[in-house]
Amino acid sequence: MIKAKNLLDPPKILVLGFVILILIGSYLLTLPISTESGNGLSFLDALFTATSATCVTGLVVVDTGSTFTTFGELVILTLIQIGGLGFMSFATFFFFLLGKKISLKGRLLLQESLNNLSMAGVVRLVKRLLIFTAIIEGVGALILSIRFSFGMPTGKAIYYGVFHSISNFNNAGFDLMGEFRSLTPYVSDPFVTLTVVFLITFGGIGFIVMNELYEYRDTHRLSVHTKVVLMTSLILTITGAILIFLFEFGNAKTLQPLSFMGKTLSSLFQSVSPRTAGSNTLNIPDLTQPLLIIFLMFVGASPGSTGGGIKTTTLATLVGTVWSQIKGKGDVVLFRHRIVSETIFKALSVTFIGVFMVSIISILLTITESGTDFLMILFEATSAFATVGLSMGLTPELSPVGRLLIIFTMFAGRVGPLTLAFAIAMRRKPDPFRRPKGKIMIG
């Protein structure tokens, strides 16, 4: 018989919480008040949009800017904010307002939702998380609002500034520009481009890292986790920007018509955005090397952030493991610290599940979307799994079954492959004994 406590452990509650939030959002988006047509969305389209918003993905089957009323857009924005920070963070916020203490189970849920290494100080971390979010989103909204005000009425500019600041800090990628254009009208605009890069980056490095950077003035030290996140993120950003600049330099549909500043800004933006925001200043179907974008999407952001993917720390651990094997060393060492075997096994598991899921979904989409180019299918499946939101144009054309497949992929990518696996499992307990060693040949 299954005990109640096994049905209500943190992974299961997190998965259930996201499901409930998605269903509430889906219902609201089917209401006539949510769409300009006055008919509301079909339930499947509403479910797709609500899942994409809650899982901070950004893939859309209808254009956000032209389809929804202000009410519908605010529903999407609310789902983005709650989904990005985690519903447990918002529950904690209301507990703060009511002056109530957080229970032990609540602290365990916060630890799980933030992917924190320990339960110590998790409530204080959430308090700072909410403050950091308010400050960063506020600064982003102010800059974007001022810039947008030069091309639209002030009220609309403020609304657009707030919407795009929240959307990009939470790595969601939803936009109000219309016609599926994202931020392409601002491809050479340093104010919009650099502000959004700033929002995506801070939203993607993780709240644990932000908290350590904030405390650095007092502690004068950074953990191995923070060092790995910052170094890996920097390498991916710089390398990605250089490669995009080189690959697209002569492409008449992307970089060629732009000035040198425009080329530099758009290359930087398209290097940052795939990890895992979904906004774009270049037309994605026109890129000459979408495989680079697929790789950046698959890696994604960092643990405890608003982004998805297998995470930067996973990539660093895998690279460190391979390098230690090449060098013939027994330990994996990053920043003069030995990485424990549990972390290596988790990195391998997350990567394998990610590759397996993207592969299976891609194969199924080749059946449901027969005749579609496989690279386009692979791009869309990776974007959904990593909760990115970049698209080569396939998502609005998906069949009903194809949309359900992408909905599941976005959901699994957001709650995390291991969290979903733990939630499905009936029990988790250590083996009662260790079996004898066995040797197999590899390579």
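This briefing walks through a few helices, loops and residues of the protein shown above. The model is a predicted one. The protein has 19 helices and two strands. Of its 443 residues, 54% are buried. Looking at contacts between residues at least 6 apart in sequence, 68% join residues at least 24 apart.

**Helix α12**

- Let's start with helix α12, which covers residues 224–248 and has 25 residues. At 1.5 Å a residue, helix α12 should span 36 Å, and its end C-alpha atoms are 35 Å apart, so the two values agree.

**How α11 meets α12**

- Two packed helices are described by the angle between their axes and the distance between the axes.
- For α11 and α12, the angle is about 105° and the axes are 10 Å apart. Angles of 65 to 115 degrees count as roughly perpendicular, and α11 and α12 are therefore roughly perpendicular to each other.
- On the α11 side, the residues that meet α12 are Ile208, Val209, Glu212 and Leu213. On the α12 side, they are His225, Thr226, Val229 and Leu230.
- Sorted by class, this contact of α11 with α12 has five nonpolar residues, two polar ones and one charged one.

**Threonine 232, a buried residue of α12**

- Threonine 232 is found in helix α12. With a relative accessibility of 11%, threonine 232 counts as buried, because the cut-off for buried is under 20%.
- Where does the side chain of threonine 232 have a polar atom 2.7 Å from a backbone oxygen? That backbone oxygen belongs to valine 228.
- Not counting residues up to four places away in sequence, threonine 232 touches Thr312, Leu315 and Ala316.

**Serine 266 in α13**

- Serine 266 lies in helix α13. Its relative accessible area is 0%, so serine 266 is buried.
- The side chain of serine 266 reaches the backbone oxygen of glycine 262 at 2.7 Å.
- With neighbours within four places in sequence left aside, serine 266 is in contact with Val187, Leu255, Leu258, Thr281 and Leu282.

**Helix α16 and isoleucine 361**

- Helix α16 has 28 residues. From its first C-alpha to its last, α16 reaches 40 Å, close to the 40 Å expected at 1.5 Å a residue.
- Among the buried residues of α16 are Ile344, Val350, Met357, Val358, Ile361 and Leu365.
- Is isoleucine 361 buried or exposed? Isoleucine 361 has 4% relative accessibility and so counts as buried.
- Isoleucine 361 and phenylalanine 385 are 24 residues apart along the chain, and their C-alpha atoms are separated by 9.4 Å.
- Beyond neighbours within four places in sequence, isoleucine 361 is in contact with Ala381, Leu405, Phe408 and Thr409.

**Residues in loops**

- Valine 56 lies in the loop between α3 (43–54) and α4 (64–67). Its phi is near 40°, a positive value in a residue other than glycine. At 0% relative accessibility, valine 56 counts as buried.
- Lysine 311 is found in the loop between α14 and α15. Here phi is near 90°, again a positive value in a residue other than glycine. Lysine 311 has 17% relative accessibility and counts as buried.
- Threonine 372 is found in the loop between α16 and α17 (374–385). At 25% relative accessibility, threonine 372 counts as partly exposed.
- A polar atom of the side chain of threonine 372 lies 2.9 Å from the backbone oxygen of glutamate 369.
- Threonine 372 is in contact with Ile377 and Leu394, leaving aside its neighbours within four places in sequence. The C-alpha atoms of threonine 372 and leucine 394 are separated by 8.5 Å, and these residues are 22 apart along the chain.

Key:
Residues are numbered from 1 along each chain as its sequence is written. This is a predicted model: local features need pLDDT of at least 70, side-chain atom pairs count only at pLDDT 80 or more; totals for chains, interfaces and linings use all residues. Side-chain values use heavy atoms; hydrogens and water are left out. Helices (H or I, at least four residues) and strands (E, at least two) are DSSP runs, numbered from the N terminus. The expected span of a helix is 1.5 Å times one less than its number of residues. Axes are lines fitted to C-alpha atoms, for helices over the stretch in contact, and angles run from 0 to 180 degrees between N-to-C directions. Angles under 35 degrees count as roughly parallel, over 145 as roughly antiparallel, 65 to 115 as roughly perpendicular and the rest as oblique. Contact means heavy atoms within 4.5 Å. Ala, Val, Leu, Ile, Met, Phe, Trp, Tyr, Cys and Pro count as nonpolar, Asp, Glu, Lys and Arg as charged, and the others, Gly among them, as polar. Buried means under 20% relative accessible area, exposed over 50%, partly exposed in between (1.4 Å probe, protein chains only). A polar contact is a pair of N or O atoms within 3.5 Å; within protein, one must be able to donate a hydrogen and the other to accept it, and residues adjacent in sequence count only if both atoms are side-chain atoms.
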